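Colleague: I am new to reading protein models. Could you walk me through one, step by step?

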Amino acid sequence: MRTEASADGVRFRLANPGPAVVDVRLWLDLEHNVEPTTMDQVEDGWELRIARPPVQRLEYLYVLRYADGSEAMVCDPGNPKRVTTAFGDHSVIEFPGYVPPAWLAAETEPGSTTALVVRALDLRRAMPITIWSPADCPSGVTLPILLLHDGPEFERLASVTRFSAAMIAAGRLPAHRVALLGPGDRDRWYAASPAYARALPGLALPAIRNAVAVGGGIVIAGASLGALAALHAAATRPGTAAALFLQSGSFFRPDTDGQEKSFAGFAAVTDFVASLDTVTGPLLRIGMTCGLGEENLTNNRLMAQTLTRLGHEVSLAEVPDAHTYTGWRDALDPHLVELLAATWRR
């Protein structure tokens with residue numbers, strides 16, 4: 001039995017995993033706050049047909065429930081296609097027409113890195129930072145810089161410095177550096193934390209400037225809560241950034257995101273989002289992307305409207321993927337390219 005995908009849907013099939021398995025459900029990396037769908041038991045295993053979601057790729061796992069009540073989430077043994085995620089390997093379906101970004105295959109020089117650590121008492125944990133510079137670029141050369149939340153994960157799962165190297169080599173972006181910001185206590189730091197918003201311009205940026213020469217407008221990027229944290233810092237600490245790149249931002253609202261109420265930072269996030277209409281400060285260039293198949297799409301559309309109404313220069317691209325690092329990777333070109341080129345070449 002093998003899972004089969006077509007242009008309009010998927011037939012998930014799992015060969016009988018043994019008599020100890022009494023139930024099999026399908027977990028899709030789409031809506032994370034719903035129960036996985038129960039599969040149908042058939043003569044030689046388990047099966048479920050679904051219509052194609054509005055994505056070009058679909059990550060999934062099978063949830064096996066055993067007779068003793070225990071459960072396990074496993075990849076599809078009949079599908080060799082895997083993707084590494086922040087939570088381990090997932091099975092993945094690539095629908096007809098999906099093509100990975102061309103820059104992944106481009107020949108690039110690896111560049112060099114500088115590691116440093118920032119400490120702030122009210123953050124409780126240290127903030128590790130790795131600064132990537134393009135090949136043959138001494139630290140004293142002044143370059144613009146992109147600050148990236150969840151930087152180590154973006155490097156490991158989305159090859160972000162390879163992206164920068166490829167865009168520089170192709171002449172599509174000027175030479176620049178990337179500061180990979182370690183997330184530390186992510187759920188606390190990134191959930192509209194005043195302490196983190198102070199530490200970013202007050203400690204992290206000065207430490208980066210002491211390590212390498214920085215010129216041009218600061219651009220801060222992030223995905224999910226990392227996008228929320230970038231916007232929060234820029235809005236509450238004017239002058240922190242000239243531009244933002246926000247992917248699948250967790251811009252929670254009580255009326256659209258009730259499924260997130262169990263998140264400890266929900267009230268802080270919703271209070272910040274509700275307060276944006278009263279926040280004044282420099283106008284920013286803001287690029288946004290969000291997957292057509294994810295829960296955050298509605299709140300991203302509403303946030304784009306709010307930021308536009310406040311006078312910021314906003315572009316929201318709705319892309320055919322979900323809340324995944326691969327989806328965020330695939331949206332870097334052209335959307336991050338356009339934002340960085342406009343910010344650093346104006």
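**Starting from one residue**

Modeller: Let's begin with Val337, which lies in helix 9, residues 332–344. Helices here are DSSP runs of H or I with at least four residues, strands are E runs of at least two, and both are numbered from the N terminus. This is a predicted model, where local features need pLDDT of at least 70, side-chain atom pairs count only at pLDDT 80 or more, and totals for chains, interfaces and linings use all residues. Residues are numbered from 1 along each chain as its sequence is written, and side-chain values use heavy atoms, leaving out hydrogens and water.

Colleague: Is Val337 buried or exposed?

Modeller: Buried means under 20% relative accessible area, exposed over 50%, and partly exposed in between, with a 1.4 Å probe and protein chains only. Val337 has 5%, so it is buried.

Colleague: Which residues does Val337 touch?

Modeller: A contact means heavy atoms within 4.5 Å. Leaving aside residues up to four places away in sequence, Val337 touches Phe163, Met167, Arg172, Leu173 and Leu332.

Colleague: How far apart are Val337 and Ser164 in sequence and in space?

Modeller: They are 173 residues apart in sequence, yet their C-alpha atoms are 9.0 Å apart in space.

Colleague: What about the whole chain?

Modeller: The chain has 9 helices and 18 strands. Of its 346 residues, 53% count as buried. Among contacts with a separation of 6 or more, 73% join residues 24 or more positions apart. Its C-alpha trace spans about 65 × 45 × 35 Å along the principal axes.
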